[in-house]
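I am opening a notebook on a structure that is new to me. The entries below record what I looked up, in the order I looked.

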Amino acid sequence: MKDSAKRIALAAVFVALVSGGKLALMALPNIEVVTILLALAGYCFGALFSLSVSLVFCTIETVLWGFNTWVLYYFIYWPLVGIIFSLVGKSRIKNRWATAGIAAALTFFFGVLSTATDTLIAFGGSGFVFNGADFFLRFGLLYARGIVFFAIHIVSNFLLFVFLFVPLCELVSRLKAKMFPEEAL
């Protein structure tokens, strides 16, 4: 019971860090710390922990900013980041280039997912419409329009992971050992 309360409190701290970090960097287009913090939660504490943190974060975002197409891909993408990095954590991969490469690939996927969602919903005419070649033309145009922002997003996440992921993992692992001594990382 005592560990359950500590885990809930720790999850709340992570949610606050993720939400506060997103708000703190909101003025900088496509530079964010959500990816690295949710990856850290997954890597150090596992899939269930990161899933709970990401779902609460997505719910808070929806309450703060309302519902639009971004809500759909937030509820897909952010849990996926935590789950993938929980698998990376189980594999004990600590190479900064490997984790940065995974983060860059996930960030690229975010751009594709968000563009595909917006293409289907915002530009489909009557909701979810897939009209063959027209979809790919619209997707290409919409993706090209945001290419600068996608590039900034990928490069910034890559650099954050190269320089901060391993030191943050070591810090969180030491804190985890103090909070949950029965679990060895």
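Entry 1, a loop residue. I began with Asn-68, which lies in the loop between H3 and H4. Helices here are DSSP runs of H or I with at least four residues, and strands are runs of E with at least two, numbered from the N terminus. Asn-68 is partly exposed, because its relative accessible area is 46%. For that term I use these limits: buried is under 20% relative accessible area, exposed is over 50%, and partly exposed is in between, with a 1.4 Å probe and protein chains only. I also took the C-alpha distance from Asn-68 to Ile-121, which is 9.8 Å, although 53 residues separate the two along the chain.

The model is predicted, so local features need pLDDT of at least 70 and side-chain atom pairs count only at pLDDT 80 or more, while totals for chains, interfaces and linings use all residues. Residues are numbered from 1 along each chain as its sequence is written, and side-chain values use heavy atoms, with hydrogens and water left out.

The 19 residues of H3 should span 27 Å, and the end C-alpha atoms are 26 Å apart, which agrees. Buried residues in H3 include Phe-49, Val-53, Phe-57 and Glu-61. After H3 comes Gly-66, with a positive phi near 85°.

At the start of H5, a side-chain oxygen of Asn-95 comes within 2.7 Å of the backbone nitrogen of Trp-97.

Most residues other than glycine have a negative phi. I noted Arg-92, a non-glycine residue whose phi is positive, near 65°. Arg-92 sits in the loop between H4 and H5 and is exposed, because its relative accessible area is 54%. Asn-30 also has a positive phi, near 60°. Asn-30 belongs to the loop between helix H1 (2-24) and helix H2 (34-45) and counts as partly exposed at 28% relative accessibility.

Which residues lie nearest its centre? They are Asn-30, Tyr-73, Tyr-74, Phe-110 and His-153, out of 26 lining residues. Helices H3, H4, H5, H6 and H7 each give two or more residues to the lining. A pocket is found on a 1 Å grid over the protein atoms alone, as an open set of points where a 1.4 Å probe fits, with protein on both sides within 12 Å along at least five of seven lines; lining residues have an atom within 4 Å of a point. I recorded a volume of about 740 Å³ for the largest pocket, a volume being the space filled by probe spheres set on the points, which are joined across faces, edges and corners.

How many disulfides does a search of the whole structure find? It finds zero, a disulfide being a pair of cysteine sulfur atoms within 2.5 Å. The sulfur of Cys-44 has its closest cysteine sulfur in Cys-169, 4.2 Å away, which is too far for a bond. Cys-44 is buried at 3% relative accessibility, and Cys-169 is buried at 3%.

Pro-167 is in helix H7 and is partly exposed, with a relative accessible area of 37%. From Pro-167 to Met-179 is twelve residues in sequence and 18 Å in space, C-alpha to C-alpha.

Technical notes:
A polar contact is a pair of N or O atoms within 3.5 Å; within protein, one must be able to donate a hydrogen and the other to accept it, and residues adjacent in sequence count only if both atoms are side-chain atoms. The expected span of a helix is 1.5 Å times one less than its number of residues.
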